Amino acid sequence: MGSTSSCCVSSSPKLRRNAHSRLESHNSTPAPGREDTGCNLQHISDRENVDELNMEYNPSDHPRASTIFLSKSQPDVREKRKSLFINHHGSRRQKHSSCSTIFLDDNTVSQPNLKFTIKCVSLAIYYHIKNRYTDGGMQQDIFDEKLHPLSKSEVPSDYDKHNPEQKQIYRFVRTLFSAAQLTAECAIVTLVYVERLLTYADIDIGPGNWKRMLLGAILLASKVWDDQAVWNVDYCQILKDITVEDMNELERQFLELLQFNINVPSSVYAKYYFDLRSLSETNNLSFPLEPLSQDKAQRLEAISRLCDDKYKDARRAGKKRSASVDNLVGVRWVPAILS
């Protein structure tokens with residue numbers, strides 16, 4: 001047996017540092033009677049506290065932990081709301097559904113809109129870079145664009161000093177997704193892997209490493225999520241100046257930094273999807289609403305009916321094949337006759 005931080009949750013240097021310091025302050029006042037028992041086993045309440053502490057630093061593993069990109073966007077969001085209220089108060093008109101007209105967007109958790117999702121993921125990466133921590137964390141050479149350039153053009157000396165714009169990040173991600181024909185779900189998984197990398201490896205994303213970090217995350221996400229994954233050599237056709245050996249090494253080190261944890265639970269995926277929607281609404285990136293047409297309503301009704309049938313079949317198959325007392329008819333209990 002051991003503590004849950006060592007056997008149940010993948011730990012990183014940053015995680016171990018924060019959990020250890022906070023647990024020391026928590027255990028500074030021992031519970032009464034602990035010394036009298038002479039037992040050195042960790043109390044069950046302490047193990048539960050470790051789970052709560054780990055959850056705060058592992059948003060890509062736990063559905064209840066808040067995403068990092070959403071918290072980093074809060075300072076800018078408050079300024080934007082203040083500016084919008086001062087400069088455009090009362091000028092925005094929102095569409096609302098009524099009895100005669102229903103407005104919907106073409107973006108759901110099961111079928112996200114590709115363009116909308118890529119824009120939101122690019123915005124999340126932008127906030128990661130802009131509001132990164134000042135200490136910068138550990139440095140990994142495999143992501144350094146100076147040591148591993150993506151093109152033959154000369155890398156500027158101040159390549160790691162200027163933050164990229166959100167449009168620049170969007171163009172880079174859109175180019176990869178368009179050329180490799182990746183899906184919108186793959187973009188959400190990419191963001192999950194980026195935040196998992198930042199947490200596990202105790203590194204930060206910045207102007208000098210964001211491209212290679214995104215490239216490694218997209219490479220893994222496409223192989224894990226899509227049935228027909230893009231090979232590493234195919235990315236060399238998209239990025240003409242990169243070699244297959246570099247792509248292989250990037251994938252290998254990315255996996256090692258993730259501690260080979262590439263699993264994305266459905267609850268975590270849904271959390272990132274809805275947090276991206278929240279980010280889009282606070283940054284005026286909401287997908288345009290369209291009136292619900294008769295054809296689209298019939299398609300939604302057909303999908304709903306299909307899901308309902310699947311749910312009923314699953315419930316029917318999950319029922320135990322055993323008779324209850326209420327269903328027994330014509331059964332009499334005959335006591336044994338002792339001879």
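Start your tour by selecting helices H8 and H12 (residues 266-282), which pack at an angle of about 100 degrees, with their axes 10 Å apart. Keep in mind that this is a predicted model. Angles of 65 to 115 degrees count as roughly perpendicular, so H8 and H12 are roughly perpendicular to each other.

Now show the side chains where these two helices touch. On H8, pick Glu 185, Ile 188, Val 189, Leu 191, Val 192 and Glu 195; they meet Val 268, Tyr 269, Tyr 272, Tyr 273 and Leu 276 of H12. Colour them by type and you will find 9 nonpolar, no polar and 2 charged residues in this contact.

Next, select helix H9, residues 210-225.

Is H9 mostly covered or uncovered? It is mostly covered, with 12 of its 16 residues buried. Among the buried ones are Trp 210, Met 213, Gly 216 and Ser 222.

The contact includes Phe 172, Leu 176 and Phe 177 from H7, and Trp 210, Leu 214 and Ile 218 from H9. Counting the whole contact gives 9 nonpolar residues, 1 polar and 1 charged. Finally, turn the view to see H7 pass H9 in a right-handed crossing.

Methods:
Residues are numbered from 1 along each chain as its sequence is written. This is a predicted model: local features need pLDDT of at least 70, side-chain atom pairs count only at pLDDT 80 or more; totals for chains, interfaces and linings use all residues. Side-chain values use heavy atoms; hydrogens and water are left out. Helices (H or I, at least four residues) and strands (E, at least two) are DSSP runs, numbered from the N terminus. The expected span of a helix is 1.5 Å times one less than its number of residues. Buried means under 20% relative accessible area, exposed over 50%, partly exposed in between (1.4 Å probe, protein chains only). A crossing is left-handed if the near helix is turned anticlockwise from the far one by less than a right angle, and right-handed if clockwise. Contact means heavy atoms within 4.5 Å. Ala, Val, Leu, Ile, Met, Phe, Trp, Tyr, Cys and Pro count as nonpolar, Asp, Glu, Lys and Arg as charged, and the others, Gly among them, as polar. Axes are lines fitted to C-alpha atoms, for helices over the stretch in contact, and angles run from 0 to 180 degrees between N-to-C directions. Angles under 35 degrees count as roughly parallel, over 145 as roughly antiparallel, 65 to 115 as roughly perpendicular and the rest as oblique.
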